[in-house]
Number of protein chains: 2
Amino acid sequence: MRLKRTHKCGELNIQNVDETVILNGWVERIRDLGGIKFGLLRDRYGKIQFVIDPENKDIYDIAKNIGNEYVIAIKGIIRKRPEDAINKNMKTGEIEILVEDLEILAESETPPIYVNKDEEISENLRLKYRYLDLRKEKMQKNLLLRHKALQITRQYFSENDFMEIETPYLTKSTPEGARDFLVPSRLKPGSFYALPQSPQLFKQLLMVSGFDRYFQIARCFRDEDFRADRQPEFSQIDFELSFVDMDDILTLTEGLLKKLFKELIDYDLKLPLRRFTYDEAMNKYGSDKPDTRYGLEIQDFTEIFENTGAAFIKKAIENGQKVKGIVLEGKATKFSRKRIDEYTEFAKSVGAGGLIWVKNENNNIKSSIKKIAEPELNKLIENEIIKNNNIAFILVGDNNEINKILGHIRVKLIKEEMEKKDGFDVLWIVDFPMFTWDEEENRLVAEHHPFTMPKLDEFEKFADSEPLKIRAQCYDLVINGYEMASGSIRIHRKDLQNKIFELIGLNEKEINEKFGFLIEAFKYGPPPHGGAAIGFDRLIAVMAGEESIKEVIAFPKTASGSDPMTEAPSSVSEKQLKELKIKLNL
Amino acid sequence: MRLKRTHKCGELNIQNVDETVILNGWVERIRDLGGIKFGLLRDRYGKIQFVIDPENKDIYDIAKNIGNEYVIAIKGIIRKRPEDAINKNMKTGEIEILVEDLEILAESETPPIYVNKDEEISENLRLKYRYLDLRKEKMQKNLLLRHKALQITRQYFSENDFMEIETPYLTKSTPEGARDFLVPSRLKPGSFYALPQSPQLFKQLLMVSGFDRYFQIARCFRDEDFRADRQPEFSQIDFELSFVDMDDILTLTEGLLKKLFKELIDYDLKLPLRRFTYDEAMNKYGSDKPDTRYGLEIQDFTEIFENTGAAFIKKAIENGQKVKGIVLEGKATKFSRKRIDEYTEFAKSVGAGGLIWVKNENNNIKSSIKKIAEPELNKLIENEIIKNNNIAFILVGDNNEINKILGHIRVKLIKEEMEKKDGFDVLWIVDFPMFTWDEEENRLVAEHHPFTMPKLDEFEKFADSEPLKIRAQCYDLVINGYEMASGSIRIHRKDLQNKIFELIGLNEKEINEKFGFLIEAFKYGPPPHGGAAIGFDRLIAVMAGEESIKEVIAFPKTASGSDPMTEAPSSVSEKQLKELKIKLNL
């Protein structure tokens, strides 16, 4: 490099006029206007116009060979642009650099994807040429946002007395949640490491070690069937504290969020965040991760239908079931018979037996149950529950079940009928059930994970009789309908832990195989502790206004877990397999 | 938790006398003195004495059951200790807390290893109960140092316009350096991801993307035959810059080191660091990672022996070989015949044909070559090269070869005969050879890695004739004899890269298989760039005064790559193997 930069492209402005500077960067475009070459030079910090006069013949001749995405070094004088050439939309739009010397640092073939304009291209192509895709302004911005978030997060935890401690990536296969990625051990043939699904066990051990407050931005690995926006490896802000209760953890998390939203995107988060119990959220939104910006709350019509002539509804109510629905305002005309059928099919696909619908067309009722329940439908109109041009979808059944189905219908209605809202809907869900019933395995399973502390009074009361009534000391953070964080107070009492294992049907052998070392550790003075993990990729995506986390990960994988650029995963040599003492079994 | 802490143990002092506080922590010890219970409560922040009076009968009775490492909460008044009970060696030694209320938060069985005193125990036991081992003051201190180093490092790079970008851990098997850890892919059976040995290729791609300055504290994975102090996974401070030369990178690295040494251990590093060329280091110390604090430089005696009567030496010199040696001062009497024989065996084990020794005993020569080279030996004494009670070890042979052997002898002498020095010996080694000759494979191999930029003038001159003469634009940082960092300016020119591949004997197919995507990326405007990686674990170990990196890693593996605590690696289920379509081949 003969010409090493003295400045960055984006940092120059009218103050630099008459200075001689050297810039290094990429040619975003170059063209000939009336015999003079005008180009745009780009670096991470911005863009600036450069001008090459034919009078400077040597340079001009070199410039003839330059195309887009060439890397060049230019030396020249900063000058003010003519009044009519000023570009107010550009940071350096008042100035340009008159090139006196030029060096081609690297040539570029015609790039297979555009860097300087948006185009619809396949994800595969974008990822194959990710290094070019990353040159785009949007991607540079997203990764800069991510970089800043990383720094702010660590600073926040450090200032709050947390210690960053790195936990191993080569660890033991555990049965928690998803499928493990395995790593064959060469030195112990037939054995495998597992990549961690989370540092959960290690962070609890760090509490046992007395580190008091731990954090880490940890890579996690889950070998799941990749859905469109799920990555085999992802990052989480992981933290754990001793000698605290749930409120301490929520407050601490809120502080981080406030700081991130303010410093990254200048958004004021109002604290404390709203808290919904799991039951509230399910009854109102049919979801434990509701986006409450869109209203559309679930309404309980049970009372209105109590004495209905519709026998199947009446009977259901007598059996303790509910009549609940969602009312969409001002859009009844948008729901043709065909579209209603489609919603019915959708409801069935998520578990409904059928779907009742009611339209108010100028106070005339149209409904699938008009013939059998006209008085009650009239009441819905009279009480202004279903106003003119409203449409309601109603379900009859077990409260929990219909909540969930209405939750799905609600999300579909929001997606199809509501205008996209700006801003952020940030809230906590608390008081989750401790257990759910796994129909397939015919046993209780831990809703969160088996180290979650139950609400102690409920545990004492219901553990042996109605364990499904027990709620856990755990919490989810929800932003714009995404589960963004999850955490709990952990069990530090051996007796309690054993009882939970017993309830979810783990025998001693299984317990020892799977969590033996944690149980062992808890014999030696484990402090009361709890923590949480925040989905870092999703958080950045939401703040960047991106739908997909791939837009905020430098080198993501496709939905099938592959990387079109490196072609990972790939075949390996026989020698490698032999050394690992494994063979393929296709 | 009924009693939640209001203070930390270590933060209390004489200012807090008469305050009522609540503390949570571990009982470091508890004993009965004259009917009163005295204990020491410990948390991450320190320790404080607590006193339980028998007059407070309820509390006293509970305290009877408390043993070491119980987790308790105490509430009480801070009071000044009696004059004769003040402990000046303890931060809180002037005060104690008189317990009014007490809650046992968790019991502890007798810990299998001591937390509150040092003992010689096996590494296996330490790692099996790592969560207890980590409670020790030293380990808490080491991990706090590491935590601070992480924060300072990231802050330094951030302030210098670097972007932290996380690169994938599930990537493609590459042929660089060591053996890869492999991860079988379930979605693409028969294919494997590899865990990265370093983010080398990705960071170069990030430069192609125009990120200008990248850093990351990255986990790296190498499946090597573990030596005593090598870990299968380790951390490196990884960074890369565009549009820079070697000096920029060294200066930047030095700035980081200065900051770390100052802020972590209050040590002033003098900048700029000394730089040795590879040749200098080899000629002076016989090593490219010398610890220069111990002197013991290699001396060239060739001239003195030029006309020796010792035929084999004379002939060697005529053939261009050298006579070189190391002189250990004032210790000749410590080298018995038997010990000299041991050194001779050692020299042979590292490649010597034999070892010449010379002792000066009150200006009388004793030497293995006294009979054939007495005049030259006398000259060594007359010239005060070998003074009274000095012993010299001398080799005859090819300069490079004897340098290396003398380097090994030098290290052995330092270890066995020199007093351990304090402080830090920090220096750069530059101008490494670009290639070395691999005897086994009978071809050139890249000394650093094949993306290292050669010195361009030398490359043009010698590439086709004497490529071993070409030196590379790369550099190692050495601290106290450890290679602590390594880096280079990278090749960004396609023609050059292809030529290097050709010289190390990679054909196009191999190149494409192994580095295809990098070569492809370099078609589209790669900027001039370079970088380095610093061994983070070793750096922390050196600063903490630890010999082993295991002392600064929370959960390290044993030399055989296993974790006695979790028992990783372990066997996995048939179902898991089936899903991955692999089977064992033991």
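Modeller: Helices are DSSP runs of H or I with at least four residues, strands are DSSP runs of E with at least two, and both are numbered from the N terminus. On that basis, Pro569(B) falls in the loop between helix H15 (536-544) and helix H16 (574-580) of chain B. Keep in mind that this is a predicted model.

Colleague: What kind of peptide bond joins Ala568(B) and Pro569(B)?
Modeller: A cis one, with omega about -5 degrees. Chain A has a cis bond from Leu271(A) to Pro272(A), where omega is near -10 degrees. Pro272(A) is in the loop between helix H6 (246-265) and strand E11 (274-277).

Colleague: Is Asn480(A) buried or exposed?
Modeller: Buried, because its relative accessible area is 17% and the cut-off for buried is under 20%. Asn389(B) has 22%, so it counts as partly exposed.

Colleague: Switching topic. How does chain A superpose on chain B?
Modeller: By a rotation of 180 degrees with 0.0 Å of shift along its axis, at an RMSD of 0.1 Å. That is the relation of a two-fold axis. As for the interface, 100% of the interface residues of chain A are also interface residues in chain B, so the copies meet through the same surface.

Colleague: What ipTM does the predictor give the complex?
Modeller: 0.95, and the pTM is also 0.95. For chain A, the mean pLDDT is 94, and 99% of its residues reach 70 or more.

Colleague: And what is in chain A, in helices and strands?
Modeller: 16 helices and 23 strands. Chain A has 586 residues, of which 58% count as buried. Its C-alpha atoms fill a box of roughly 95 × 75 × 50 Å along the principal axes.

Colleague: What is Lys8(A) in contact with?
Modeller: Leaving aside neighbours within four places in sequence, Lys8(A) contacts Leu23(A), Asp43(A), Tyr45(A) and, from chain B, Asp161(B). Lys8(A) is in the segment before strand E1 (20-33), and it counts as buried at 17% relative accessibility.

Colleague: Where is Met484(B)?
Modeller: In strand E21 (residues 482-489) of chain B. Met484(B) is buried, at 2% relative accessibility. Beyond four places in sequence, the residues it touches include Leu477(B), Ile479(B), Ile534(B), Leu539(B) and Val542(B). Gly535(B) is 51 residues away along the chain, yet its C-alpha atom is 5.4 Å from that of Met484(B).

Colleague: Last one. Which residues are buried in helix H13 of chain B?
Modeller: Leu496(B), Gln497(B), Lys499(B), Ile500(B), Phe501(B) and Leu503(B). The buried residues of H13(B) pack against strands E18 (435-438) and E19 (443-446) and helices H12 (456-462) and H14 (508-521) of chain B. Just after H13(B), Gly505(B) takes a positive phi of about 75 degrees.

Conventions. Residues are numbered from 1 along each chain as its sequence is written. Chains are lettered from A and ligands numbered from 1 in the order in which they are written. This is a predicted model: local features need pLDDT of at least 70, side-chain atom pairs count only at pLDDT 80 or more; totals for chains, interfaces and linings use all residues. Side-chain values use heavy atoms; hydrogens and water are left out. Copies are superposed by least squares on the C-alpha atoms of residues with pLDDT of at least 70 in both. Contact means heavy atoms within 4.5 Å. Buried means under 20% relative accessible area, exposed over 50%, partly exposed in between (1.4 Å probe, protein chains only). pLDDT is the predictor's confidence in each residue, from 0 to 100.
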